[in-house]
Amino acid sequence: MKLVSFLKEGEVRAGIVQGELVVDIHAVSGGLLPKDMLSIIDLGDEGLKRMKELGTISEKDTGVHSLGDVTLKSPIPRPVSIRDFYAFEEHVKTARKRRGLDVVPEWYDIPVFYFTNHLAVKGPLDHIAKPAGCEWLDYELEIACVIGKEGTNISKENAEDHIYGYFIMNDWSARDIQKHEMKVGLGPAKGKDFATSFGPYLVTKDELETYRRGDRFDLPMTAKVNGKLLSEGNYQDIHYTFADMIERASKDVTLYPGEVIGSGTVGTGCILELGTETHPWLKPGDVVELEIAGIGVLRNRIAEKREEENHVLSSTGENTSQTSHHV
């Protein structure tokens, strides 16, 4: 199934995509299934079974909408947490080389991650405002999995049982802020604090079985800016699989349904790797499209200056005009 969170008549609801239709899970189940995605995920396999039993829905049924009539939000608007790993060797090598650094031997010992802001999540078509003073705005092409079953000290062999599904992740990065703060040695937090995009769908794990190649998936991953292809990678080239990441993340810690685990950037998957000689840092008006086979296309526009100013005024409590969330 392809699951979404969508805005309709002022309320965010969980839905299933069937062709060009969105099925409101709560409405079509007669109120037997929850309204929001986190509650759906909490139901685990039982929830998946009950959603499949809904069958094919007619567009005339109550709670069924055309995709074009709703606004898609992030599949999980407020995830329980976001751990972002650093799992693609090509990205690590190239990004560090750009900074005049080698890959530290410890990277090959353990998969490492940092926590990012789970309250600054954006969805498909949301506009992304640059942080104040940022001149080096970058995208990051990633895939993320969602935890669907609670567990502690989960082994690699059992990790698959704890994955609910996958979606595209864009770990927006203010590289100049990141460069400054990382000299202190505590990671890139503020350089990535302002936005992370997910979507457009949360694809349940069974949907990707046709792409499976052993313990990996053959999933081509691409990024375009203003229609120009910049990044090309594939999930199967990852050094640490999601099973490795889940084993590491759950060591002496309990993972809960609704937590998100990002892969880190695929090789060539950001401007930092490609170099500004290939493409300049992102600027207002740029449209970034990330695509992963079997999962969809995640599209966002960098906000114009006026929108950024409106965002700042809004955060201070002053009245502002609403800006469109559509490209």
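This is a predicted model: local features need pLDDT of at least 70, side-chain atom pairs count only at pLDDT 80 or more; totals for chains, interfaces and linings use all residues.
Confidence comes first. Across the protein chain the mean pLDDT is 92, and 93% of the residues reach 70 or more. Residues 312-327 are a stretch to read with care, for here pLDDT stays under 50. For this stretch, the model has 21 contacts beyond four places in sequence.

Leaving aside residues up to four places away in sequence, Ile 261 touches a set of residues including Arg 83, Phe 85, Cys 145, Phe 242, Met 245 and Leu 255. In soluble globular proteins, nonpolar side chains tend to be buried together.

Cys 134 is in no disulfide, as the nearest cysteine sulfur, that of Cys 270, is 14 Å away. Cys 134 is buried, with a relative accessible area of 2%, and Cys 145 is buried too, at 0%.

Finally, five strands form an open sheet with mixed pairing, in the order β9-β23-β22-β18-β19. β9 (127-128) and β19 (228-234) each have a single partner strand, so they stand at the edges, and one side of each is left without a neighbour in the sheet. The partner of β9 is β23 (residues 296-302), and the two pair in the parallel sense over two bridges. Within this pairing, His 127 stands opposite Arg 301 of β23.

Note on methods: Residues are numbered from 1 along each chain as its sequence is written. Side-chain values use heavy atoms; hydrogens and water are left out. Contact means heavy atoms within 4.5 Å. pLDDT is the predictor's confidence in each residue, from 0 to 100. A disulfide is a pair of cysteine sulfur atoms within 2.5 Å. Buried means under 20% relative accessible area, exposed over 50%, partly exposed in between (1.4 Å probe, protein chains only). Two strands pair if DSSP finds at least two bridges between them. Helices (H or I, at least four residues) and strands (E, at least two) are DSSP runs, numbered from the N terminus.
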